[in-house]
Every structure is written in structure tokens, then in C-alpha cells.
Amino acid sequence: MHECLYRFLIKYKILDLPGIGTIALHLQSSRSEFTDRLFSPPEYFFTLEKEDEIPRGKLFSWLASHFGITDSEAVIRFNEFIFDLTRKLKEGKEIHWQKVGSFQKELTGEIKFTSVEGELRWLENVPGQK
């Protein structure tokens with residue numbers, strides 16, 4: 001489920017997780033570094049916004065086509081995934097989502113999200129000389 005939702009997140013740049021929040025993909029533009037005479041590549045990172053929304057309809061169609069099931073079965077499978085995720089958070093477990101980040105419930109009851117760090121391997125600095 002994680003890999004399928006990751007692909008959805010990359011394609012549509014937003015993923016609603018009811019009871020947890022909305023994960024959004026952001027792009028920080030490339031920067032010019034005059035002292036090193038380089039242009040650094042753009043950086044991608046994820047944020048967790050506290051808005052609880054109902055998942056968009058295309059998510060269930062996406063899951064259904066990925067798993068080869070009906071839309072209603074996709075809704076059930078997604079709800080089970082969210083239930084399991086929230087249960088683990090309530091138990092105090094830290095959840096690591098490869099390529100996205102980690103979730104952990106704080107003592108205040110809020111969910112803390114830490115985005116993965118690191119640049120995309122295929123993006124490199126570009127020399128900026130005349």
C-alpha cells in the first residue's frame with residue numbers, strides 16, 4: 001500500500017490521510033551559488049498539513065487499478081490502512097514511510113511528521129561559468 005500511495009503522491013502532489021492530515025509534495029527551486037559558480041538542483045520535500053479532508057475520488061480509482069480490484073474494495077483497503085496507521089500512532093510507535101518520511105504522535109496528541117532528507121540522485125549541480 002505504501003508504494004502505491006507514494007506513486008499517487010508523486011503524480012498528484014497531494015494525499016489526504018483522514019485522521020492524520022494531508023501530505024503535500026513541494027518543490028524548492030534551484031539556486032545559484034555565485035561563490036562556487038554553481039547552480040544547485042531543485043529540492044523536493046513533503047509536509048504534513050493538519051487539514052483533515054475526505055480522500056479525493058481519484059485515489060480510490062488509482063488504488064483499484066493498481067491492485068486490480070473494484071472501487072468499493074479499494075475504499076475498504078484504504079480505510080483498513082488508515083485504521084492500522086492511526087492505531088500504531090496511538091500506541092506510540094513511530095511509522096517510517098520509505099521515500100516520504102516518518103510519523104510519530106507527540107505527548108500533546110499532535111502528529112509530528114519528519115520529511116525524508118536528501119537530494120534526488122539524478123540531479124546534480126551545474127557549473128555556472130561563461
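I took strands as DSSP runs of E with at least two residues, and helices as DSSP runs of H or I with at least four residues, both numbered from the N terminus. The model is predicted, so I noted that local features need pLDDT of at least 70 and side-chain atom pairs pLDDT 80 or more, while totals for chains, interfaces and linings use all residues. Residues are numbered from 1 along each chain as its sequence is written, and side-chain values use heavy atoms, without hydrogens and water.

**Thr22**

I located Thr22 in strand β2, residues 21-28. I classed a residue as buried under 20% relative accessible area, exposed over 50% and partly exposed in between (1.4 Å probe, protein chains only). Thr22, with a relative accessible area of 1%, is buried. I found a polar contact from its side chain to the side chain of Asp16, at 3.0 Å. A polar contact is a pair of N or O atoms within 3.5 Å; within protein, one must be able to donate a hydrogen and the other to accept it, and residues adjacent in sequence count only if both atoms are side-chain atoms.

**Ser102**

I placed Ser102 in strand β7, residues 101-105. Ser102 counts as buried, at 10% relative accessibility. Its side chain makes a polar contact with that of Glu94, at 3.3 Å. Beyond the neighbours within four places in sequence, I listed its contacts (heavy atoms within 4.5 Å); among them are His96, Lys112 and Phe113.

**Nonpolar core**

I then looked up the largest nonpolar core, which has 28 residues. Such a core is a set of buried Ala, Val, Leu, Ile, Met, Phe, Trp, Tyr and Cys residues joined through side-chain atoms within 4.5 Å. Leu17, Ile23, Trp97 and Phe103 have the most contacts inside this core. The largest share of the core, 6 residues, comes from α3. For Ile23, leaving aside neighbours within four places in sequence, I noted contacts including Leu17, Trp97 and Phe103.

**Met1**

I found Met1 in the segment before α1 (2-12). Met1 is partly exposed, at a relative accessible area of 25%. Met1 and Phe81 are 80 residues apart in sequence, yet their C-alpha atoms are 7.6 Å apart in space.

**Open sheet**

I traced an open sheet of 3 strands in the order β3-β4-β9, with antiparallel pairing. β3 (31-33) and β9 (126-127) each have a single partner strand, so one side of each is left without a neighbour in the sheet. I counted two strands as paired if DSSP finds at least two bridges between them; 3 bridges join β3 to β4 (residues 38-40). Ser32 stands opposite Phe39 in β4.
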